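Dear colleague,

Please find below the structure that I am handing over to you, followed by an account of what was found in it.

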Amino acid sequence: MSRRIALVIPTMDRGGAEKQLCLLAENLPRDAFDVHVILLTRDGPRSESLRAAGIPVTVIGKRFKADPTALFRLRRELVRLKPDVVHTWIFAANSFGRAAARFARVPTIMASERCVDPWKTESHFWVDRRLAKITDTITTNSTGVVDFYADHGIDRNKFCVIPNGIEPRSGKRIERDEAFARLQVPLDRKLILAVGRLWPQKRYRDLIWAAELLGTTRDDTTLVILGDGPQRGELLRFRDSVTIPERVRFAGTRHDVAELLPHADLFWIGSEYEGQSNSLIEAMQAAVPVVASDIPGNRDLVLPGVTGMLVPLGDTADFARQTMTLLESPELAANLGKTAQKRIETEFTVDAMVQRHAELYLRSR
């Protein structure tokens, strides 16, 4: 008899946690698991693949931060479904979902913390600590996340670290000249890519400054930022105040990132906090040398001098220096890229991620 699993997450936006949940839901063996996805707040583009795979998606429709009616509707849905396991993802769903699962008398309650969250206040951590007492397991993708929550009073033995999974590279291959043309970058320039939501967490101001420092030294580099978000207007104004479009371009949301990545000379990520960045994993999978901020989530992936380079958070000059080193040492850069690619192919597979979750679900009450 299959186990019924209810995966609860706030939305189906194009975020990293949402992507991992979809990969999990779509790849759990159908003969062993009956998977349902519940969206606490609203639907989003990632639901398309779930529905195409025949996975039921239910939207609860939480209207505001502390909407009590959402808790009652979620509890009612769980009573109707009668899942063996409720597995919640991200703070809002972790809060509402675990409480609703307890009220619905679900046998096994799991949560998932995907990121180091310095934005949380003591009130948030109080909620986390209280709900941890009714939680059987908290999955995460990073030892840095475990350390962060242990420092805030949650038993580290509650956690199970399961690295993100990434699908094998697929899709058509394009030539370098086509990639550069799509990005409107001249072929004679060195291409640096950064991918992610335009959001303060990603610290794109640091990358813009680093690109200007690098550009004044070499004058042949272009940073292209792929993604969109609420900071777009502000970052464009900031770019125009400190540098020129030839050195920093914004390319918006793209659906051809996998085709563009192999043609980048370098990949940058300067985030203030991460769990395990999917964009960083994808760059490493494409054998692109990476320069990353030295934070817990990135440390899990980037071994300095082996699979990439780490720089102190906010150190724009070091971003430029490390990049200069790799651009002037193409053999070193290629070796870092190849070693990183091998590590991703062996340690960060979808099969391994799904198998680890399946084992947890099968061990549940």
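Is A264 buried or exposed? The model is a predicted one, and in it A264 has a relative accessibility of 9%. Residues under 20% are classed as buried, so A264 counts as buried.

As to its setting, A264 lies in the loop that runs between α10 (257-260) and β11 (266-269). Leaving aside residues up to four places away in sequence, A264 is in contact with L191, L193 and V288. A further pairing concerns A179: this residue and A264 are 85 residues apart along the chain, and their C-alpha atoms are separated by 9.1 Å.

I turn next to a pair of helices. Helix α13 covers residues 316-328 and helix α14 covers residues 330-347; they pack with their axes 5 Å apart, at an angle of about 100°. Angles of 65 to 115 degrees count as roughly perpendicular, and α13 and α14 are therefore described as roughly perpendicular to each other. On the α13 side the contact involves T325, L326, L327 and E328, which meet P330, L332, A333 and L336 of α14. Of the residues in this contact, six are nonpolar, one is polar and one is charged.

Finally, a note on annotation. An unreviewed UniProt entry lists residues 15-168 as "domain: Glycosyltransferase subfamily 4-like N-terminal".

With kind regards

How values were computed:
Residues numbered from 1 in each chain as written. Predicted model: local features only at pLDDT ≥ 70, side-chain atom pairs only at ≥ 80, totals over all residues. Heavy atoms only, no water. Helix = DSSP H or I, 4+ residues; strand = E, 2+ residues; numbered from the N terminus. Buried < 20%, exposed > 50% of the residue type's maximum accessible area, 1.4 Å probe, protein only. Contact = heavy atoms within 4.5 Å. UniProt positions renumbered as here; feature names shortened; annotations may be inferred. Axes fitted to C-alpha atoms, helices over the stretch in contact; angles between N-to-C directions. Parallel < 35°, antiparallel > 145°, perpendicular 65-115°, else oblique. Nonpolar A, V, L, I, M, F, W, Y, C, P; charged D, E, K, R; others polar.
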